[in-house]
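Trainee: I would like to learn how to read the features of a structure like this one. Shall we go through it step by step?

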Amino acid sequence: MDVLEARTRLQAVPGTEEYVHFGRPAYRLRPSGSTKRPGRTFTTLWPEEGHVVLMLDQEQQAELIARHPAVFAPHPSKWGLNGATLMLLAKVNPRIFEMAVGLALAHARRP
């Protein structure tokens with residue numbers, strides 16, 4: 001999958017919005033109800049590096065890495081210890097991409 005396809009798919013996720021996060025496109029839940037505060041970020045696209053960073057919990061991260069070790073890896077920073085997960089676009093297919101984004105979105109919706 002290329003960066004343009006990934007961005008198009010992320011922009012199409014219902015109930016979310018794209019914004020700039022440290023110079024990169026990021027995706028978060030849109031404000032809902034009477035609140036004006038945006039929701040949690042669930043993923044960030046790193047176009048130059050060719051990957052997406054998914055915000056997951058540690059269990060979700062471990063499962064994805066175990067099932068698809070060529071596609072997923074912990075983020076190399078301290079954030080990786082808490083579930084931030086790299087998804088390598090050159091190695092991911094649309095089915096796995098959608099499944100992983102769905103996990104990150106579900107995690108972002110948790111209280």
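**Strands, core and pocket**

Mentor: Strands here are DSSP runs of E of at least two residues, helices are runs of H or I of at least four, and both are numbered from the N terminus. This is a predicted model, in which local features need pLDDT of at least 70 and side-chain atom pairs count only at pLDDT 80 or more, while totals for chains, interfaces and linings use all residues. Residues are numbered from 1 along each chain as its sequence is written, and side-chain values use heavy atoms, with hydrogens and water left out.

Trainee: How should I read the phi of Phe 22?

Mentor: Most residues other than glycine have a negative phi. Phe 22 is not a glycine, yet its phi is positive, about 50°. Phe 22 sits in the loop between S1 and S2.

Trainee: Is Phe 22 buried or exposed?

Mentor: Buried means under 20% relative accessible area, exposed over 50%, and partly exposed in between, with a 1.4 Å probe and protein chains only. Phe 22 has a relative accessible area of 73%, so it is exposed.

Trainee: In what sense do S1 and S2 pair, and over how many bridges?

Mentor: Two strands pair if DSSP finds at least two bridges between them. S1 and S2 are antiparallel, over six bridges. Glu 18 has Tyr 27 in S2 as its bridge partner.

Trainee: Which pairings does S3 make?

Mentor: S2 and S3 pair in the antiparallel sense over three bridges. There, Arg 28 stands opposite Thr 41 in S3. S3 and S4 are also antiparallel, over four bridges. Leu 45 faces its opposite, Val 52, in S4. Four residues separate the strands in the hairpin of S3 and S4, where Gly 50 takes a positive phi near 75°.

Trainee: Why is S3 described as largely enclosed?

Mentor: Five of its six residues are buried, so S3 is largely enclosed by the rest of the structure. Thr 44 lies in S3. Thr 44 is buried, at 9% relative accessible area. Contact means heavy atoms within 4.5 Å.

Trainee: Which residues touch the most other members of the largest nonpolar core?

Mentor: In soluble globular proteins, nonpolar side chains tend to be buried together. A nonpolar core is a set of buried Ala, Val, Leu, Ile, Met, Phe, Trp, Tyr and Cys residues joined through side-chain atoms within 4.5 Å. The largest has 24 residues, and Phe 42, Leu 54, Met 87 and Phe 97 touch the most other members. H1, S2, S3, S4 and H3 each supply at least two residues. H3 gives the largest share, seven residues. Leaving aside neighbours within four places in sequence, the contacts of Leu 54 include Phe 42, Phe 72, Met 87 and Ala 104.

Trainee: Where is Leu 4, and is it buried or exposed?

Mentor: Leu 4 is in H1, residues 3-11. Its relative accessibility is 64%, so Leu 4 counts as exposed.

Trainee: Which strand supplies the largest share of the lining of the largest pocket?

Mentor: S3 does, with three residues.
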